[in-house]
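Visitor: I would like to go through this structure term by term, asking what each label rests on. Could you start with a single residue and its contacts?

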Amino acid sequence: MKTYDLIVIGTGPGGYHAAIRAAQLGLKVLAVEASEVGGVCLNVGCIPTKALLHAAETLHHLKVAEGFGLKAKPELDLRKLGGWRDQVVKKLTGGVGTLLKGNGVELLRGFARLVGPKEVEVGGERYGAKSLILATGSEPLELKGFPFGEDVWDSTRALKVEEGLPKRLLVIGGGAVGLELGQVYRRLGAEVTLIEYMPEILPQGDPETAALLRRALEKEGIRVRTKTKAVGYEKKKDGLHVRLEPAEGGEGEEVVVDKVLVAVGRKPRTEGLGLEKAEVKVDERGFIRVNARMETSVPGVYAIGDAARPPLLAHKAMREGLIAAENAAGKDSAFDYQVPSVVYTSPEWAGVGLTEEEAKRAGYRVKVGKFPLAASGRALTLGGAEGMVKVVGDEETDLLLGVFIVGPQAGELIAEAALALEMGATLTDLALTIHPHPTLSESLMEAAEAFHKQAIH
């Protein structure tokens, strides 16, 4: 049996970060991958989705460019679009493979199954290690009454735009995946209806900024229905007849569509992994239980990323991978970080820290500052004046608690807010920081000034 200092199962963002950091720290590392290097994010998640979003946004800008005095007649080549998406993915996954090799990480293809606390089996061969890191990721969650297949898509199938666009698409789920893919298909020409069970889209985020994003999507022609659930469908000659009902009960309705995209969440990919053999415990939702060191119930066995706990975000998995690897190498690292979230629609939505309600429940004396992008010169020049920057703080201590943004490049702007929270910044710190003008970033300064009732704009 071959032995290593560390075996990492899965080479998604968390897994390959863990493997490389462990190798940098001098460990002999084996990385095992059952599918494609790069995991869900690079192959069928973050990267291909963002490629399609960029293409759809470019097409949208060409269609509305006449308002700027520019005339264009765009044509859509779905086969070429699919090829470009795959080209982006191939370049990045190839890069990860090169990074693993360059850092001396041994890569083994195959499905890994735990046969003991520190032992795995791959293709009939056994491999041992002093430590294990489980980075197996997640997979789409199926909805009762909507089994995945030809008519009901998961997020992976929805990426295959080259196989044709439905004229009518129903998206079930108002989280990031549903919103992003819903906008892609709307901008590529489909009629899109999106339903969400909770009172507002992005139910885990700030309701006020989520409502602004909803309004922007509705202006594009996406029909958004909240407090609504789908209970089943019947396929007829004219399409899929989907039955919708109010979440709180009442009279339902029927919509007729060509395809249904189920985007109600994801579940940890741990089936067949043999967790019981290693006595690794999971919670009631199937996520592997971990502590702040990313260590499971078994000493020396770590779990990271989507397999471990929400939020299911690549950048969270990356940090968790580094922490697990450092602990496997004998260091003492713990996860204690602010995790920003981004929805890459247009306009984008981004948030980090506590919402108003969360801050109130935590006992803070909550106060907010808001800056509408309609007052931003830079946002106006970009044609993206619909949006807002909102800061949440403690009135007594002036401590910054959370930031939520709707508007162009919100995903880039939120990094400054995340840094401010990590540094324990106050609203005064943000207000006194000189930002270049005209930029979108100065909107954060303006919102901090509004918090103190000192707004200029």
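Guide: Leaving aside residues up to four places away in sequence, Glu220 touches His60, Gln183, Arg186, Arg187 and Ser346, where a contact means heavy atoms within 4.5 Å. The model is a predicted one, in which local features need pLDDT of at least 70 and side-chain atom pairs count only at pLDDT 80 or more, while totals for chains, interfaces and linings use all residues. Residues are numbered from 1 along each chain as its sequence is written, and side-chain values use heavy atoms, with hydrogens and water left out.

Visitor: Why is Glu220 called buried?

Guide: Buried means under 20% relative accessible area, exposed means over 50%, and partly exposed lies in between, with a 1.4 Å probe and protein chains only. Glu220 has a relative accessible area of 18%, and therefore counts as buried. Its place is in the loop between helix 7 and strand 11, where helices (H or I, at least four residues) and strands (E, at least two) are DSSP runs numbered from the N terminus.

Visitor: How do you know what span to expect of helix 7, and what does the helix reach?

Guide: The expected span of a helix is 1.5 Å times one less than its number of residues. Helix 7, residues 207-219, has 13 residues and reaches 18 Å from its first C-alpha to its last, which is close to the 18 Å expected. After the helix comes Gly221, with a positive phi near 105°.

Visitor: Which residues of helix 7 are buried, and what covers them?

Guide: The buried ones are Thr209, Ala210, Leu212, Leu213, Arg214, Ala216 and Leu217. Their cover includes helix 6 (176-187), strand 11 (223-226), strand 19 (348-353), strand 21 (388-394) and strand 22 (400-407).

Visitor: What makes Cys41 buried and Cys46 partly exposed, and how many disulfides does the structure hold?

Guide: Cys41 has 11% relative accessibility and so counts as buried, whereas Cys46, at 28%, counts as partly exposed. A disulfide is a pair of cysteine sulfur atoms within 2.5 Å, and the structure holds 0 of them.

Visitor: Why does Trp153 count as buried?

Guide: Trp153 has 2% relative accessibility, so the label buried applies. This residue belongs to strand 8 (residues 152-153), and, not counting residues up to four places away in sequence, it touches Phe148, Ala158, Gly164, Pro166, Tyr185, Lys259, Val260, Leu261 and Val262.

Visitor: What backbone atom does the side chain of Trp153 reach, and at what distance?

Guide: The side chain of Trp153 reaches the backbone oxygen of Glu150 at 3.4 Å. A polar contact is a pair of N or O atoms within 3.5 Å; within protein, one must be able to donate a hydrogen and the other to accept it, and residues adjacent in sequence count only if both atoms are side-chain atoms.

Visitor: What makes strand 2 largely enclosed?

Guide: In strand 2 (residues 29-33), 5 of the 5 residues are buried, so the strand is largely enclosed by the rest of the structure. Val29, Ala31 and Glu33 lie buried on one side, and Leu30 and Val32 are buried on the other, which leaves both faces covered.

Visitor: How do you know which strands pair with strand 1, and in what sense?

Guide: Two strands pair if DSSP finds at least two bridges between them. Strand 1 is joined to strand 2 by 4 bridges in the parallel sense, and strand 1 (residues 2-9) pairs with strand 6 over 7 bridges, also parallel. Ile7 stands opposite Leu30 in strand 2, and its bridge partner in strand 6 is Leu132.

Visitor: What else joins strand 6, and how many of its residues are buried?

Guide: Strand 5 (residues 119-122) runs antiparallel to strand 6 with 4 bridges between them, and the two form a hairpin with 2 residues between them, where Gly123 in the turn has a positive phi of about 60°. Strand 17 (residues 301-303) is joined to strand 6 by 3 bridges and runs parallel to it, with Tyr302 as the bridge partner of Ile133. Strand 6 (residues 125-134) is mostly covered, as 7 of its 10 residues are buried.

Visitor: Why are strand 12 and strand 14 said to stand at the edges?

Guide: The order 12-13-14 describes an open sheet of 3 strands with antiparallel pairing. Strand 12 (228-236) and strand 14 (253-257) each have a single partner strand, so one side of each is left without a neighbour in the sheet. Between strand 13 (residues 239-246) and strand 14 there are 5 bridges, and His241 stands opposite Val256 in strand 14.
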